Amino acid sequence: MSIKVVAIDNSEELLDKITGILEEMKEVELLGSFSDAVTAMQYIKEHPVNLVFSDVVMPDISGITLAAKLYELANPPEVVLLSGIPGFSLEAWKIRAYGFIIKPYKKNQIKKIVDQYIAENDTVE
């Protein structure tokens, strides 16, 4: 089983970090890494995606706004929000984000979310 994943972060360094982590996971098919939420949203609307890892604080659209818009899609992906600001965890809860990880994140935190998704969605192709 592999899950289709997208990563979004306007910090090039952090985007490279999460991209590297996701590329190492055999159960993940990384469909794309995006530095802006608008481009990512357009991609997700046109391609089936299971799980999105998104920074919260970004220009144009915040990760919270992005998640809320994605959850309106016919077949929405689950969204995991990433932030260095713990206070955003309440906002993540309000929009029913799949997960919230405080930066700086570690590989085991990303793996835990991926494993949880797989366990809850054993029908993923």
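Modeller: Five of the six residues of strand β1 are buried, so β1 is largely enclosed by the rest of the structure. Buried here means a relative accessible area under 20%, exposed means over 50%, and partly exposed lies in between, with a 1.4 Å probe and protein chains only. The model is predicted, and local features therefore need a pLDDT of at least 70, while side-chain atom pairs count only at pLDDT 80 or more; totals for chains, interfaces and linings use all residues. Residues are numbered from 1 along each chain as its sequence is written, and side-chain values use heavy atoms, with hydrogens and water left out. Strands and helices are DSSP runs numbered from the N terminus: a strand is a run of E of at least two residues, and a helix a run of H or I of at least four.

The pairing of β1 comes next. Strand β1 covers residues 3-8 and pairs with β3 in the parallel sense over four bridges; two strands pair if DSSP finds at least two bridges between them. β1 also runs parallel to β2, to which six bridges join it. Ala7 takes part in both pairings: its bridge partner in β2 is Ser33, and in β3 it stands opposite Phe53. Val5, in turn, stands opposite Leu51 in β3. A crossover is called right-handed if, with the strands pointing away from the viewer, the path from the first strand over the helix to the second runs clockwise.

Phe53 stands opposite Val80 in β4. The chain goes from β3 to β4 through helix α3 (residues 63-70), and this β-α-β crossover is right-handed.

The loop between β1 and α1 (12-24) holds Asp9. Asp9 is buried, with a relative accessible area of 1%. Beyond its neighbours within four places in sequence, Asp9 is in contact with Leu14, Leu15, Phe34, Ser35, Asp55, Met58 and Lys103, where contact means heavy atoms within 4.5 Å. With Lys103 there is a polar contact between the two side chains, at 3.1 Å. A polar contact is a pair of N or O atoms within 3.5 Å; within protein, one must be able to donate a hydrogen and the other to accept it, and residues adjacent in sequence count only if both atoms are side-chain atoms. Lys103 is also joined to Pro104 by a cis peptide bond, with omega near 0°, and Pro104 lies in the loop between β5 and α5.

Helix α2 (residues 37-46) has as its buried residues Ala37, Ala40, Met41, Tyr43 and Ile44. These residues cover an arc of only 165° around the axis, which puts them on the same side of α2; the arc is that of the directions from the helix axis to the C-beta atoms. What covers them includes β1, β2 (28-34), β3 and α3. At the start of α2, a side-chain oxygen of Asp36 comes to within 3.4 Å of the backbone nitrogen of Val38.

The structure also holds two aromatic pairs. One of them is formed by Phe34 and Tyr43 and is tilted, at 5.3 Å centre to centre and 45° between the planes. Rings of Phe, Tyr and Trp (its six-membered ring) pair if their centres lie within 6.5 Å; planes under 30 degrees apart count as stacked, over 60 as edge-to-face, and the rest as tilted. Both Phe34 and Tyr43 are buried.

Asp60 has a positive phi of about 70° although it is not a glycine. At 71% relative accessibility, Asp60 counts as exposed.
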